[in-house]
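Subject: Structure handover

Hello,

Here is the structure we talked about, followed by notes on what was found in it. Please read the notes with the structure open.

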Amino acid sequence: MSLIDADLLIDNASQVVTCAGPAPKRGAALADAGVIPGGAVAVAGGVIVAVGPAADVRARVRARATLDAGGRALIPGLIDCHTHLVYGGDRAGEFELRIRGASYVEIMAAGGGILNTMRQTREASAEALASQAEPRLREMAANGATTVEIKTGYGLDLESELRMLAAIARLAALGVCEIVPTVLAAHTVPPEFKDDPDGYVDEVVSHILPAAAAWHAASRFAARGIRLGVDVFCENHAFTVAQSQRVLEAGARLGLAPKIHVDQFTSLGGVEMALAAGALSCDHLEATTPADAARLGASGAAAVVLPACAFNFGNTQFADARGLVNAGAALALATDHNPGSAPCLSLPLVMAIACRYQRLLPAEALNAVTINAAHALGLADRIGSIEVGKRADLLLLKAADYRSLAYVLGDDPLITLVTLITLITLP
Ligand code: NIG
Ligand code: FE
């Protein structure tokens, strides 16, 4: 038997937690993290070439170097499939207003919230936006993220939305994480169209989305086979189901991957519409009905829940993650990092909240930020699990038991990481 040549053998892990597919994981499969006790992994050219029990991998591989995992757990790099990482300024003032009793929706209806951040974002150059976001991205990576989706949505005019995309491209060029861009021009109605929301939807559909698609076609993202997402906030004070449908259908016609902020506060019927429009994921889902959970379960779309958001509001209304799993939905978790509803930079913290308030098992939470989050981005064929042929985005934990990731609270950094091996060597 000929040996497999490898650049690196990672040997002597207490556990290799594969999160192996088939992707996405649904129902009982979500509770299986694919733990190989005493495992090893071999990597060549940034790709996984062997994984299994250590004795077996050692016998099959000829490696140029070996890393002793020292009896710690090795897991796939984490994937944050829903963030708003790029924005100007902050909303610490609104944080204080909420503590004093104002609600997020009240602040939004009074012209704060997303519009507050829009004003601060419109004033910033692409360079300034990227340099404000860079430390946040590095913190996410320090907390285990190796792929991060980033949305626009604080420009809300053609020029400012393209500037946000340019900032996202600058962040991608840092090589800290794989970045997946999404255009969320329909985040809320900007002041110029205050009395004419349909006029703004016309602008999004006729001008902003085509310009974003053209930008993407010429970008490094297209060259790497990473699609541009199109997202819309379907909610009272934002966009109706009919308006959201126009946005997603226009994006899909341009080849963009539809996603939706849906049922955050109100169930308006957006899930059914988004699934018909070919949504890759439906996100938030705090107010989703059992009938819509069943629709999600019968669909190929990921159900992305964002518990840092309710936690940040001090709410008890978390998405019914258990109900979604029981309905067969492809559950994923993300930070939803943004300056208003979820100033959270840690997927392990999100896992910790989901385990405690949504009663997910640690294995379910881990699959939800790896293989199923990859599915939510349409990238499950290349990332999200430790399987032969996948990119070697790997995390070596400080602990021997992967459950420590959700179990330990407030470690510094929040994840118990000693080594982050991110080998992004593909084009
Ligand atoms: O996912 N709900 C809509 N959008 C974001 C919040 C954006 C903001 O408050 O700035 C969310 O929660
Ligand atoms: Fe969001």
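In which loop does Pro 22 lie? Pro 22 sits in the loop between strand S3 (15–17) and strand S4 (35–37). Please keep in mind throughout that this is a predicted model. The peptide bond joining Gly 21 and Pro 22 is cis, with omega about 10°. Another cis peptide bond joins Ala 23 and Pro 24, where omega is about -10°. Pro 24 also belongs to the loop between S3 and S4.

Confidence

The average pLDDT of the protein chain is 94, and 96% of the residues score at least 70. Over residues 413–420, however, the pLDDT is below 50, although this stretch has 34 contacts in the model beyond near neighbours in sequence. Residues 422–427 also stay under 50, with 20 contacts beyond four places in sequence. Where pLDDT is low, the predicted coordinates should not be read in detail.

Iron site

The iron ion (ligand 2) has four protein donors listed by atom: His 82 (NE2), His 84 (NE2), His 261 (NE2) and Asp 336 (OD), which lie 2.1 to 2.2 Å from the ion. Along the chain, the donors follow the spacing H-x1-H-x176-H-x74-D. His 84 is in the loop between strand S10 (78–80) and helix H2 (92–99), while Asp 336 is in the loop between strand S17 (330–333) and helix H14 (347–357), so this pair ties together parts that are 252 residues apart in sequence. His 84 is buried, at a relative accessible area of 2%. Asp 336 is buried as well, with 1% relative accessibility.

Strand S13 (residues 229–234) is mostly covered, with six of its six residues buried. In a regular strand the side chains alternate between the two faces of the sheet. Here Gly 229, Asp 231 and Phe 233 point one way from S13, whereas Val 230, Val 232 and Cys 234 point the other way.

S13 pairs with strand S12 (residues 178–186) in the parallel sense over three bridges, and Thr 182 stands opposite Gly 229. S13 also runs parallel to strand S14 (residues 257–262), to which four bridges join it. In S14, Ala 257 is the bridge partner of Gly 229. From S13 the chain crosses through helix H9 (residues 241–253) to S14, and this β-α-β crossover is right-handed.

The four-stranded sheet

An open sheet of four strands has the order S6-S5-S2-S8, with mixed pairing. Strand S6 (47–53) and strand S8 (66–68) are the edge strands, each pairing on one side only. On average, neighbouring strands of this sheet are turned by 15° against each other, direction ignored. Strand S5 (residues 39–44) pairs with S6 in the antiparallel sense over six bridges. One pairing to look up is that of Ala 44, whose bridge partner in S6 is Val 47.

Two positive phi values

Leu 156 has a phi near 60°, a positive value in a residue other than glycine. Leu 156 lies in the loop between strand S11 (145–151) and helix H6 (158–173) and is buried, with a relative accessible area of 1%. Arg 359, not a glycine either, has a positive phi of about 55°. Arg 359 lies in the loop between H14 and helix H15 (362–368) and is exposed, with a relative accessible area of 64%.

Regards

Definitions and conventions. Residues numbered from 1 in each chain as written. Chains lettered and ligands numbered in written order. Predicted model: local features only at pLDDT ≥ 70, side-chain atom pairs only at ≥ 80, totals over all residues. Heavy atoms only, no water. pLDDT = per-residue confidence, 0-100. Contact = heavy atoms within 4.5 Å. Pairing = 2+ DSSP bridges. Axes fitted to C-alpha atoms, helices over the stretch in contact; angles between N-to-C directions. Donors = N, O, S within 2.8 Å, 3.2 Å for Na, K, Ca; no water. Buried < 20%, exposed > 50% of the residue type's maximum accessible area, 1.4 Å probe, protein only. Right-handed = clockwise from strand over helix to strand, strands pointing away.
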